[in-house]
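This report concerns side-chain packing and helix contacts. The structure is shown below.

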Amino acid sequence: MFTGSIDGTMLAVSVPFEDPALVLTALFFVVLLGPVMATLLRVPPIIGLIAGGVLLGPTGLGWVERAGAVDLLGGAGLLFLMFMAGVELDLDDFTDNRGAAGLFGVATFLVPMVAGTAVHLLLGFDTMAALLLASAWASHTLLAYPIFQRLGVVTNRAVSTAVGATIITDVAALLVLVVVVAAAGGDLDVAFIATLVPSVVAAFALILLGLPRLAAWFFRRAGRDRITRFLFVAAALYGSAAIAEIAGVEAIIGAFLAGLALNRLIPAGGLLMERLEFFGGTFLIPIFLISVGMLVDVGELVDSETLGQAAGFCAIVVFAKLAAAAFAGRVLRFDRTEVWSMFSLSVAQAAATLAAVFVGLEAGIVEERTVNAVVVVILVTSLLSSVAAARFGPQLPAPPVKELTIGKRVLVGVADPDAAVGTIDLATRLAAPESGEVLPAQILDLEARPADVLARRTAMVDAYEPTILGAGAEATPIIRLDLTPNAGLLHAAVEQGATCLVLGWRGYTTRRDAVLGEQLDVLLALSPIPVLVHRGGAESGVRRVVLAVDHADLTPSGRRTLDLGLLLAARLAASQGVPWLVVTPADAPVIAEVEDLHLRPEIAVDTRPLHVALPDVVETSDLLVIGIPRALDGLGAGVTRVARAVPSCRMVAVAAR
């Protein structure tokens, strides 16, 4: 109990908290700070939330009880997690690659299932616990998929195969879970099967066949309002979970099937998907992960027996998933990089694993010590998945590079009119050779209603028009009201059909931005079009353009970044009539890329890291062009190190999204 006084009045707060306000405050602080701390420690955000639950729970500070609101919201979050797993699966990829996906799906399910069951029995687990744990390892969560998205290689056959296999592994693992729970409860007999099979078939048909038709009808008739659509989806999710329970199977299977049923009616990137991800990702799913953390016993987590159990689990998962990927890769004639990419996508244990173990704990099949060991497995496999994807993803062959026409409609974010002069100049030089259009944009807060504010900002943007027109490009100033500057620029890019986004940058990251994230990083992560980030430099004219090529630019996935950097450097050099230089760690690949350019550059090979090599090459009067690796969400440490190493010259960082 905490005690204190205000104006002589004694106040007491009992622990665990009973006041709903205190409970929710504690939960939301963990939801807010858990992922931030995890990012600082370079571990997946899921670990930060589970650790927050450990801290709040009975073996930590003891502030919040799991029973009651946390238990209810955690259960709702688990169902939402499985629903989103079904919604986010790419059914088109599965259809296009059903042969390869089917082979890998069966292999990556059966190998961990068979090997895991055998090893668990040898470790002393009973049959039901061995089967349940093996089914958990047989499933996987696509935690590394965003890395392949940023690299632009999601159409690669290895990635498509692994994504399609997820449908098979998750459905099969959940069906095994149903049988195991029934068997553990003593219900698995002929009568149970005779009753279960018809009811399950009816429930599956109702959800997979009836729900899409009902949703399509509702969306056409009564669901035109976006809020109404969201409420319908929520009702369909939890209604399907209830139908599954009535049929005699776990609710999470109904939630997963509801996600598959509504998959094509909830398009990725749409507003409905955005609202679902916001609601689930910021509230329900984090509460579920916190509730899982409350089950963890801190003393058991560092216990040698628990750690030994976790080590055994990790060995089973890693070797079984690697063996399955190697087998499928050999049959499908995939190369080494593609095999490791499939492994990186299939080794991570999170959503389905947590769901299975959570249900097993409630059914009395596994103990709390096993849950603690599973948390360690999630941490290890999540890290391994991310590391393997970052290592082998850039080596996958990228899709053919389309003709670059980034100068057709160049959107420029204008925040400070004085500092934007150089940024406008960059955009104009990019657009002029294509007789393109420059769109200087001012984004205002929704409360900026007074006419004088709009008039003043409009005049600021209009002031750039003569400069743009004089350089041979068209000019269309934009004034937009929006929630945030980032949202305004992203919405304007889509509405205006922009081919490139040009932004200004001060050239460094503050301590606050390093912890909470920089606004520029958000735009780089979300922008659907290439982004050029400009840092101003010396006032004198540019005497040379220097293109800095990194090792990442020479990988297959770095091809588009390299092409964009070459195009920009050549265009800037030609527009100002100055020479240009390419600094590269390898000679031949770069020379091959620049053969078709009219203005041939000078080539300088330097194998040192760029932040070490460039200070010896770049002068104050140079304009430096550098690529941002596609695997990164933001500028990344490499670009900021270079910016600090050459602080006085103009600099343009290129992100080929």
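## Surroundings of Trp 137

In this predicted model, Trp 137 touches Pro 112, His 120, Phe 313, Ile 316, Val 317, Lys 321, Gln 349, Thr 353, Val 374 and Val 377, leaving aside residues up to four places away in sequence.

## Nonpolar cores

Trp 137 also belongs to the largest nonpolar core, which has 113 residues. Together with Phe 83, Ile 252, Ile 266 and Leu 276, Trp 137 touches the most other members of that core. The element that gives the most to this core is helix α8 (residues 157–184), with 13 residues. Another core, of 39 residues, lies apart from it and includes Ile 406, Val 414, Ala 431 and Trp 580.

## Helices α6 and α8

Helix α6 (residues 127–138) packs against α8 at an angle of about 165°, and their axes are 9 Å apart. Because this angle is over 145 degrees, α6 is roughly antiparallel to α8. Their crossing is left-handed.

On the α6 side, Met 128, Leu 131, Leu 132, Ser 135 and Ala 138 take part; they meet Thr 169, Ala 173, Val 176, Leu 177, Val 180, Ala 183 and Ala 184 in α8. This contact of α6 with α8 comprises ten nonpolar and two polar residues, with no charged ones.

## Helices α8 and α15

Between α8 and helix α15 (residues 336–346) the packing angle is about 30°, with the axes 9 Å apart. The two helices are therefore roughly parallel, and α8 passes α15 in a right-handed crossing.

Here Arg 157, Ala 158, Val 159, Thr 161 and Ala 162 of α8 meet Glu 338, Met 342 and Leu 345 of α15. By class, the contact of α8 with α15 has five nonpolar, one polar and two charged residues.

Conventions
Residues are numbered from 1 along each chain as its sequence is written. This is a predicted model: local features need pLDDT of at least 70, side-chain atom pairs count only at pLDDT 80 or more; totals for chains, interfaces and linings use all residues. Side-chain values use heavy atoms; hydrogens and water are left out. A nonpolar core is a set of buried Ala, Val, Leu, Ile, Met, Phe, Trp, Tyr and Cys residues joined through side-chain atoms within 4.5 Å. Buried means under 20% relative accessible area, exposed over 50%, partly exposed in between (1.4 Å probe, protein chains only). Helices (H or I, at least four residues) and strands (E, at least two) are DSSP runs, numbered from the N terminus. Contact means heavy atoms within 4.5 Å. Axes are lines fitted to C-alpha atoms, for helices over the stretch in contact, and angles run from 0 to 180 degrees between N-to-C directions. Angles under 35 degrees count as roughly parallel, over 145 as roughly antiparallel, 65 to 115 as roughly perpendicular and the rest as oblique. A crossing is left-handed if the near helix is turned anticlockwise from the far one by less than a right angle, and right-handed if clockwise. Ala, Val, Leu, Ile, Met, Phe, Trp, Tyr, Cys and Pro count as nonpolar, Asp, Glu, Lys and Arg as charged, and the others, Gly among them, as polar.
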